[in-house]
Amino acid sequence: MRSAKYVIPVVIAAAGLALPAAAQRTFEGTIAYTATVGDKQMQISITSRGQQVRQDFTLPADAPPEAETYQLFDYVNGSVTTVLPAMKKYTVTNLKTLRDAMRQGREPRDEDVRKALADITATHRKETIAGFECEVYSLKSTPGDEWCLTTGLGHFLYFEGATGIGGNASTAGLMRKFKSGAVVLRMRMRSRNGESMSMVATQVDRTVPDAAVFVVPPGFQEVDPLKP
């Protein structure tokens, strides 16, 4: 459905962990990140409201219009919807089905998460990123991998149990340390194949988004995600 040249890694938000209890505060607003995977850089915007999350990419200037996509994560119904605006089409995938399929690939297992949790250490270094103070955590076994987290924004479903950019067993384990939630403002790590990955927040907007941004526009046609 898209040119392979412009396929961008999708981050599956909270595919592996239980959602925070209703009494716990969930971040509502939008966080913009600059993400780098290897030598490729992209802009990612994550919008969250309750148990709805939207992920938008800013594509390179030479990308064709049909390459544009965004994802809608619905944790009430357990689904992820990929929308292709130029084609006026969308696909819907069950999160459990997706999670089960990814277990054969890169999704962290519970055992991996427990081991990673024991490997995480607080550096006691603090930074200010996008106007918020965060504390840096690193891995004892991999000194170059580190995350700067703030606990002042509540739960951010995008990172809790995430995989893809910003997510592996270490990230999932780190998020479990914070019962009241945490937000990753900066991370740097290497994938299993040695490729470098990083994300840095550039703007945090705490304006509650309109519910309409989490709904597929009218007139769009649902298609089978398994068909080309």
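The model is predicted, so local features need pLDDT of at least 70 and side-chain atom pairs count only at pLDDT 80 or more, while totals for chains, interfaces and linings use all residues. Residues are numbered from 1 along each chain as its sequence is written, and side-chain values use heavy atoms, with hydrogens and water left out.

I start with strand E8, residues 132-139. Strands here are DSSP runs of at least two E residues, numbered from the N terminus. Is E8 mostly covered or mostly uncovered? Mostly covered: 6 of its 8 residues are buried, where buried means under 20% relative accessible area with a 1.4 Å probe, protein chains only.

E8 has strand E7, residues 120-129, as an antiparallel partner, and 7 bridges join them. Two strands pair if DSSP finds at least two bridges between them. Ile129 stands opposite Phe132 in E8. The hairpin of E7 and E8 has 2 residues between the strands, and Ala130 there takes a positive phi near 55°.

E8 also runs antiparallel to strand E9, residues 146-150, through 4 bridges. In this pairing Tyr137 stands opposite Trp147 in E9. The hairpin from E8 to E9 passes through 6 residues.

Next, the cores. A nonpolar core is a set of buried Ala, Val, Leu, Ile, Met, Phe, Trp, Tyr and Cys residues joined through side-chain atoms within 4.5 Å. The largest has 42 residues, and Tyr33, Leu149 and Phe156 touch the most other members. Leaving aside neighbours within four places in sequence, Leu149 is in contact (heavy atoms within 4.5 Å) with residues including Cys134, Tyr137, Leu174, Met175 and Phe178. A second, separate core has 5 residues, among them Tyr70, Leu72, Val83 and Phe220.

Last, the rings. How many aromatic pairs does a search of the whole structure find? It finds 5. Rings of Phe, Tyr and Trp (its six-membered ring) pair if their centres lie within 6.5 Å; planes under 30 degrees apart count as stacked, over 60 as edge-to-face and the rest as tilted. Phe73 and Tyr75 are stacked, 6.4 Å centre to centre with 5° between the planes, and both are buried. Phe156 and Tyr158 are tilted, at 5.9 Å and 35°. Ring pairs link Phe27, Tyr33, Phe156 and Tyr158 into a cluster.

Note on methods. Buried < 20%, exposed > 50% of the residue type's maximum accessible area, 1.4 Å probe, protein only.
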